[in-house]
Amino acid sequence: MFISMWIHNTPCTVMMMPVATGILQRFPRGQAASSSADAHEVRRFSKAVVLGVMYASTIGGMSTLTGTGANIILVGMWSTYFPEQRPITFSSWMSFGFPVALVLFAALWVTLCLMYCSSNTGRALSAYLDRTHLRRELSLLGPMAFAEKMVLAIFGGLIVLWMTRSLTNDIPGWGVLFHGKVGDGTVTIMMTTLLFIIPNGKGGGEKLMDWGKCRKLQWNIILLLGAGFAIAEGFKASGLTDILSEGLGFLRGAPPLVIAPVACVFSAAITEFTSDDAATTLVLPLLAELGKTIGVHPLLLMVPGTVGAQLSYLLPTASPPNVVGFGTGYITIKDMVLTGIPIKVVGVATLAVLLPTLGSVVFGMDQKL
């Protein structure tokens, strides 16, 4: 969850799943392990580990703008549809998204413990997880190298700059020094440039990052986000959003405690059959226009639409992290559905409570557009 707060949830899952499966490889699998009660406990625990990594990556991505493409799409569409309004910054989104993610993470932990762990799990695992052996393997890694320390320092500096650029109305943050002309993207580019300047300490003039490594990045994600903005503009220009919003016109005059869950459930249903980024791209133009039609603050609909698109826990097609976890072979679709339903319900309920309260303060939804 913590790593996914700072990098996209898909590469986070790809990075952490081998760590999880590396631990699970110590456990027996196959017909030889299917005859004892201990083997049953081991299989259940293996499911919990894979599901935990998979869902924690998705939950952590909700916390920050960098954790998932859906949050970035929200920021882009908000500035496109309402350029005169106060922008959504890294710190403002984290003030709302992090509490939501904490509640969902607690729900995930409780669900996994209740469904996949019992009083006999620790005894069954003790035969395969030797603490002394694990400590010995950790010591073989040795101390952190110079390159690792420098990347960690740049990474930490980036997080601090993100969180302190814009704080509150009374404490403006360091962004005021540049008269508001410096954004989160500016900071990201500046810190990334340092990777191409600082040597890695191995000699030969090699830097922490070079263009050969940079070319291997998932640039298709950038193209996907850009395409999402283009589709959103097409929805608006063609009038399709006006037609679709008529179907949700019954929300006119409804209280926020009803509007937010309906928008969240609407988006959460769509995201199970497509990726969370695609679902966000589809529903946000509709919800933005609907907000203006029924006379409520658009973020009261757009934020639930964004969070709901990230409540993708039931099917492998719902998000790339689900594909990664399902591909390990440790879990089935039934495991995903049974585990994901309680978390999804908690997510909708949490949003229904926090958006009209905390969200109203963070995003200024009590102000008229």
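A nonpolar core is a set of buried Ala, Val, Leu, Ile, Met, Phe, Trp, Tyr and Cys residues joined through side-chain atoms within 4.5 Å, where buried means under 20% relative accessible area, exposed over 50% and partly exposed in between (1.4 Å probe, protein chains only). The model is predicted, so local features need pLDDT of at least 70 and side-chain atom pairs pLDDT 80 or more, while totals for chains, interfaces and linings use all residues. Residues are numbered from 1 along each chain as its sequence is written, and side-chain values use heavy atoms, without hydrogens and water.

**Exercise 1.** Describe the largest nonpolar core.

Step 1. The core has 78 residues, of which Phe-96, Met-302, Val-303 and Phe-363 touch the most other members.
Step 2. Helix 4 (residues 90-116) gives the most to this core, with 10 residues; helices are DSSP runs of H or I, at least four residues, numbered from the N terminus.
Step 3. Leaving aside residues up to four places away in sequence, Val-303 touches Leu-74, Trp-93, Phe-96, Leu-355 and Phe-363 (contact: heavy atoms within 4.5 Å).

**Exercise 2.** Classify the pair of Phe-27 and Phe-45 and locate both residues.

Step 1. Rings of Phe, Tyr and Trp (its six-membered ring) pair if their centres lie within 6.5 Å; planes under 30 degrees apart are stacked, over 60 edge-to-face and the rest tilted.
Step 2. This rule gives 10 aromatic pairs. Phe-27 and Phe-45 are 6.2 Å apart centre to centre with 70 degrees between the planes, hence edge-to-face.
Step 3. Phe-27 lies in the loop between helix 1 (9-24) and helix 2 (37-61) and Phe-45 in helix 2, so the pair ties together parts 18 residues apart in sequence.
Step 4. Phe-27 is buried, at 5% relative accessible area.

Notes:
Helices (H or I, at least four residues) and strands (E, at least two) are DSSP runs, numbered from the N terminus.
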